[in-house]
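Hello,

Here is the structure I promised to pass on to you.

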Amino acid sequence: ITYISASRVIPSEERTPSFLYSLIDTYGRMYSRIEGTKCYFVVHHAPFGNMGYIAMTYIHSKITSLLGPNSTALHFEKNKIILFLAGDDRQRIEGTIMDTIAVFGDQITVTEIERYSHLDLFKLMTWE
């Protein structure tokens, strides 16, 4: 079976964890140069089942629908989303995130990553 996106075949080297984390590192370095940008890490904690998947997909979709052109939301693992929010998006998105995750209690947390110009990729991979 060959996986084909809407526009092209996705090469196998782009479907590896190392490619994904190098992409996240690149975003971190890029957004750290834009004044007023903040980085947030959204994690759904174990146990992760169908409802967790639905919750994280919903949160990602909701955030993405509100983002302007200077911000990015990456749903890079089933239970993890990383956000790079420009100043003009931050207030609107921060409130939405907090309101949305409040429904799920302590199953979902949001953490601000202060030093994201050099993200600790191993920490992101193992963050629970």
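A word on terms before the layout: helices (H or I, at least four residues) and strands (E, at least two) are DSSP runs, numbered from the N terminus. With that convention, the chain reads α-β-α-β-β-α-β-α along the sequence, with four helices and four strands.

Please keep in mind that this is a predicted model, in which local features need pLDDT of at least 70 and side-chain atom pairs count only at pLDDT 80 or more, while totals for chains, interfaces and linings use all residues. Residues are numbered from 1 along each chain as its sequence is written, and side-chain values use heavy atoms, with hydrogens and water left out.

**The chain as a whole**

I call a residue buried under 20% relative accessible area, exposed over 50%, and partly exposed in between (1.4 Å probe, protein chains only). Accessible areas come from the Shrake-Rupley method with a 1.4 Å probe, and for residues only the protein chains shown count as cover. The chain has an accessible surface of about 7,900 Å², and carbon and sulfur atoms hold 56% of that. Contact means heavy atoms within 4.5 Å. Among contacts with a separation of 6 or more, 70% are between residues 24 or more positions apart.

**The strands**

Two strands pair if DSSP finds at least two bridges between them. Strand β3 has two such partners in my notes. It pairs with β1 in the antiparallel sense over six bridges, and Val 43 has Lys 80 of β3 as its bridge partner. β3 also pairs with β2 (residues 72–77), again antiparallel, over five bridges. There, Leu 74 is bridged to Ile 82, and Ala 73 stands opposite Leu 83. A hairpin of two residues connects β2 to β3.

How many residues of β3 are buried? Six of the six are, so the strand is largely enclosed by the rest of the structure. In a regular strand the side chains alternate between the two faces of the sheet. In β3 both faces are covered, with Lys 80, Ile 82 and Phe 84 buried on one side and Ile 81, Leu 83 and Leu 85 buried on the other.

**The cores**

A nonpolar core here is a set of buried Ala, Val, Leu, Ile, Met, Phe, Trp, Tyr and Cys residues joined through side-chain atoms within 4.5 Å. The largest one has 15 residues, and Ile 59, Ile 63, Leu 83 and Ile 108 have the most contacts inside it. Two or more residues each come from β1 (38–44), α2 (50–66), β3 (80–85) and α3 (87–102). Helix α2 gives the largest share, four residues. A second, separate core of 11 residues includes Cys 39, Phe 41, Leu 74 and Phe 84.

Have a look at Ile 108 when you open the model. Leaving aside neighbours within four places in sequence, Ile 108 is in contact with Val 42, Val 43, His 44, His 45, Ala 55, Met 56, Ile 59 and Ile 101.

**Salt bridges**

I count a salt bridge when a side-chain nitrogen of Lys or Arg is within 4 Å of a carboxyl oxygen of Asp or Glu. The whole structure has five, including these:

- Asp 25 and Arg 29, with the closest N and O atoms 2.9 Å apart. They are four residues apart in helix α1 (residues 17–31), and therefore separated by about one helical turn. Asp 25 is buried at 16% relative accessible area, whereas Arg 29 is partly exposed at 38%.
- Arg 92 and Asp 89, with the closest N and O atoms 2.6 Å apart. Their spacing in helix α3 is three residues, about one helical turn. Asp 89 is buried at 3%, and Arg 92 is partly exposed at 40%.
- Arg 90 and Glu 94, at 3.7 Å, N to O. Both lie in α3, four residues apart, about one turn of the helix. Glu 94 is partly exposed at 25%.

Arg 90 also touches Gly 36, Thr 37, Lys 38, Tyr 40 and Leu 85, not counting residues up to four places away in sequence. Gly 36 is 54 residues from Arg 90 along the chain, yet their C-alpha atoms are separated by 8.9 Å.

Best wishes
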